[in-house]
Amino acid sequence: MKPVLKSAKLANVCYDIRGPVMARSKQMEEEGQRIIKLNIGNLAPFGFDAPEEVQQDVILNLPNSSGYSDSKGLFAARKAIMHYTQLKKIAGVTIDDIYIGNGASELIVMCMQGLLNPGDEVLVPAPDYPLWTAAVTLAGGTPRHYICDEANEWNPDLKDMRSKITPNTRAIVVINPNNPTGAVYSDEILREIIQLAREHQLIIFADEIYDKVLYDGITHTSIASLADDVLFVTLNGLSKNYRACGYRSGWMVVSGAKKTAQDYLDGLNILASMRLCSNVPGQYAIQTALGGYQSINDLVAPGGRLYKQRELAYKLLTAIPGVTCVKPKAALYLFPKLDPKMYPIEDDQKFILELLEQEKVLIVQGSGFNWPHTDHFRVVFLPNSDDLTEAIGRIARFLESYRKRHGT
């Protein structure tokens with residue numbers, strides 16, 4: 001038989017958070033080796049469970065979950081999301097403007113599939129959450145990466161963003177709070193992005209999945225709350241704020257210049273109907289999660305577990321010679337930089353594979369987030385303090401060895 005080949009559409013689609021190095025990690029585990037995983041923001045394996053009242057609501061409603069829901073989602077869940085948009089000061093959102101999906105990830109793919117034609121371009125941040133780049137590519141579009149400036153606390157370089165706009169540009173993706181950098185953008189920067197979208201008639205896709213995982217008194221503004229004459233699609237969900245990754249319960253909210261987008265919205269309705277509905281048990285978690293006690297606030301406050309682990313990871317990483325890092329204001333990650341003179345790296349995937357095989361610690365290389373240089377990596381600070389200390393100690397040991405072998 002002839003070899004069965006993957007679709008040509010997948011030729012440039014990558015998701016290195018679960019890429020070849022993770023496959024090697026899995027193989028090592030099957031051989032009996034213990035790997036410390038700092039590669040993915042999956043909270044449950046580290047003892048961060050969904051709030052008990054949310055779990056109970058899902059359990060109690062299982063008997064009601066056997067049938068399909070409306071293709072956009074349960075009414076009560078969408079009503080709770082609508083109330084949340086009001087709290088975030090996003091104007092004019094109705095029940096019909098809300099789509100519930102199997103996590104925000106499904107909806108990221110869906111909103112790109114519904115929009116893009118071959119040759120269309122979308123501005124995506126670098127570094128980014130790589131699903132955005134993959135979704136644009138899979139939909140036949142071309143991702144154009146605008147630089148976020150590490151020297152300016154990882155804020156978007158608006159000059160670079162403007163320079164990437166062409167007649168083929170359809171949209172701007174804004175990941176705020178940002179994964180992998182932990183940056184949170186000011187209202188001033190968000191307004192400047194809106195002005196660019198206004199001038200060039202672009203859609204703004206706002207990934208706000210970490211909007212409650214905030215440290216040091218930082219507040220988050222939904223970009224869609226700052227204008228109503230631009231089309232916004234805002235994505236969020238239960239995975240991070242409510243430690244419910246496996247529930248696959250996310251949502252997408254359309255707001256702003258909806259009257260100009262009826263044909264696009266018709267396309268989204270078709271795509272929502274084609275998958276019939278998102279999983280119904282996970283939808284039953286939404287109303288209780290959004291309306292209940294916000295236990296995430298305890299975790300991110302001084303003395304809270306996430307706060308303490310961020311502090312510890314930042315302190316240990318920046319104590320390593322040649323490692324610098326902008327302290328994250330939000331989310332679950334650090335994105336440290338390696339001094340290229342001390343750590344000359346040609347292939348950062350090969351670099352982290354070497355770390356995995358020598359020290360049994362799994363991280364993700366910076367190029368996995370579409371960062372154009374080989375001098376960064378992402379670390380998840382979810383393990384408990386003892387495991388985090390052990391893991392970063394192993395990274396330090398590996399870097400010392402690498403420095404002696406390759407540094408100048």
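Reader: Let us begin with F205. Which residue stands opposite F205 in strand 8?

Author: F205 stands opposite V233 in strand 8. Please keep in mind that this model is predicted.

Reader: How many bridges join strand 7 to strand 8?

Author: There are four bridges between strand 7 (residues 203-207) and strand 8, and these two strands run parallel.

Reader: And what packs on the sheet there?

Author: Helix 4 (residues 103-113) does, with contacts to strand 2, strand 3 (121-126), strand 7, strand 8 and strand 9. The direction of helix 4 makes about 45 degrees with that of strand 9.

Reader: In what order do the strands of the open sheet of eight come?

Author: The order is 2-9-8-7-6-3-4-5, with mixed pairing. Strand 2 and strand 5 (155-156) are at the edges with a single partner strand each, so one side of each has no neighbour in the sheet.

Reader: What about strand 9: how does strand 9 pair with strand 8?

Author: Strand 8 (residues 231-237) pairs with strand 9 in the antiparallel sense, over seven bridges. Within that pairing, L231 has G256 as its bridge partner in strand 9. Strand 2 (residues 98-101) is also antiparallel to strand 9, joined by four bridges, and the partner of I100 in strand 9 is W251.

Reader: Why is strand 9 largely enclosed?

Author: Six of the seven residues of strand 9 (residues 250-256) are buried, so the rest of the structure largely encloses this strand.

Reader: Changing topic: what is the volume of the second largest pocket?

Author: Its volume is about 390 Å³. The lining has 17 residues, and Q201, I203, L231, T260 and A261 lie nearest the centre of the pocket.

Reader: Which residue of strand 15 does L334 face?

Author: L334 stands opposite V379 in strand 15. Strand 11 and strand 15 (residues 377-380) pair over two bridges.

Methods
Residues are numbered from 1 along each chain as its sequence is written. This is a predicted model: local features need pLDDT of at least 70, side-chain atom pairs count only at pLDDT 80 or more; totals for chains, interfaces and linings use all residues. Side-chain values use heavy atoms; hydrogens and water are left out. Buried means under 20% relative accessible area, exposed over 50%, partly exposed in between (1.4 Å probe, protein chains only). Two strands pair if DSSP finds at least two bridges between them. On a 1 Å grid over the protein atoms alone, a cavity is a set of points where a 1.4 Å probe fits but cannot get out, and a pocket is an open set with protein on both sides within 12 Å along at least five of seven lines; lining residues have an atom within 4 Å of a point. Grid points are joined across faces, edges and corners, and a volume is the space filled by probe spheres set on the points. Contact means heavy atoms within 4.5 Å. Axes are lines fitted to C-alpha atoms, for helices over the stretch in contact, and angles run from 0 to 180 degrees between N-to-C directions.
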